[in-house]
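I wanted notes on how the chains fold and where they touch. I went through the elements one chain at a time.

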Amino acid sequence: MQKCIVTILLILAGHSVNAQVKLLTLNELEQRAAKGKDTTYVVNFWATWCGPCVEELPYFERLNNENAKKPFKVILMSLDFKSKLKTDVIPFVAKHKIKSEVYVVNETDQQKFIDRVDKNWSGALPATLILNTDKKVRAFYEQAFTYSELLKAVETHK
Amino acid sequence: MKKLLLACLNILLATAVNAQIGYQVGDLASDFNLKNVDGKNVSLASYKNAKGYIVVFTCNTCPVSKAYETRVEALSKMYAVKGYPVVAINTNDPVASPGDTYEKMQERAKEKGFSFAYLLDPDHVYTKKYGAQRTPHVFVLQKTAKGNEVAYIGAIDNDQQEANAQRDNYVQNAVNQLLKGEKPALTSTKAIGCTIKWKKEVSK
């Protein structure tokens, strides 16, 4: 019996680690925001290989923690190659103990994907999209943030 | 007076913004004379029989650039003989990005057997002038009586991860159309890329 419980626990633990990062299409992201119980979503587009993205990740983590009790959610959308999910993204998330929701973008046509996120996006990383589902706000930023800049941007659209 | 000042300020700001953006399709691109991995300098004019050029702003270190290395080499093999040589320019400062030193560029070119020129751009002069915003970022130029006209700006194709056999080969399509004497149907595209590793300003 004890063995059985240990096995189940191990499976569950293994499952939760794997479940940390999934692939997500843009449609699924929009569904996630539309059906989620939060109203403000801060969606950061980043990659493990993008230096300025990695630098600003702690600000997004801090933002998510400080607003944990509010209808507020940070979603980290990685543009790492899908083939790097297990070798790069999951180890990165574990190493940096990232608590925010992390996904790897699951889109093949970047041209369409970039334009659908925002017409003005050149494709450079990092980039951030702030959504407010109540106020129907959709604000896009192609830049790296400091924590105070990020706070200011979020306050503007809350 | 205040209005005049504001107007002047606006003009100044507009020029500053334009300077930052770089070339648009239809602009005439400047020639350069930059050091290649073989130690010799290369300019656009040094390709005597060229009908145009595939200028690729890239680097050693960006995973997206690396994913495209064999495809850039394929473009070089395919189009150099047709009069559209590939000319690659490393955008990155070797101090800001230690994997992008001249020696590392030489190593990479040798290892991968690049048949195209791979040039240094000290102080990002031409990266800025052309307006490369990320790596890789391609500028297809057409040689005309007026000069080297920018015919296409953007991505190599719409399939970075080589997951789609039906991919749109943007650069190939643009060059094929130019070779037929047509204007490219699609003149600008976007793609995810790495930011350029700019030289750190020395604060005194």
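The entries below start with the conventions, then take the chain A sheet, its helices, and chain B.

**Conventions.** I am working from a predicted model, in which local features need pLDDT of at least 70, side-chain atom pairs count only at pLDDT 80 or more, and totals for chains, interfaces and linings use all residues. Residues are numbered from 1 along each chain as its sequence is written, while chains are lettered from A and ligands numbered from 1 in the order in which they are written.

**Chain A, sheet.** I looked up the strand order and found an open sheet of six strands, β1-β4-β3-β2-β5-β6, with mixed pairing. Helices (H or I, at least four residues) and strands (E, at least two) are DSSP runs numbered from the N terminus, and two strands pair if DSSP finds at least two bridges between them. β1 (21–24) and β6 (137–141) of chain A are the edges; each has a single partner strand, so one side of each lacks a neighbour in the sheet. I noted an average twist of 25 degrees from one strand to the next; angles run from 0 to 180 degrees between N-to-C directions, with axes fitted to C-alpha atoms, for helices over the stretch in contact.

Strand β5 (residues 127–132) of chain A pairs with β6(A) antiparallel over five bridges. In β6(A), Tyr141(A) is the bridge partner of Thr128(A). I then checked what packs on this sheet: α6(A) touches β2 (40–46), β5 and β6 of chain A, and its direction makes about 30 degrees with that of β5(A).

**Chain A, helix pair.** Helix α3 (residues 51–66) and helix α6 (residues 147–157) of chain A have axes that come within 9 Å and cross at roughly 50 degrees. I recorded Tyr59(A), Arg62(A) and Leu63(A) of α3(A) against Tyr147(A), Leu150(A) and Val154(A) of α6(A) as the residues making the contact; contact means C-beta atoms, placed from the backbone, within 7 Å.

**Chain B.** I counted five helices and ten strands in chain B. Its open sheet has six strands in the order β1-β9-β8-β4-β5-β6, again mixed in pairing. The edge strands, β1 (28–29) and β6 (117–120) of chain B, each pair on one side only. Strands β4 (residues 52–58) and β8 (residues 137–143) of chain B run antiparallel and are joined by six bridges. Within β8(B), Val140(B) is the bridge partner of Ile54(B).

**Between the chains.** I found 16 residues of chain B in contact with 16 residues of chain A.

Notes. Two residues are in contact if their C-beta atoms, placed from the backbone, lie within 7 Å.
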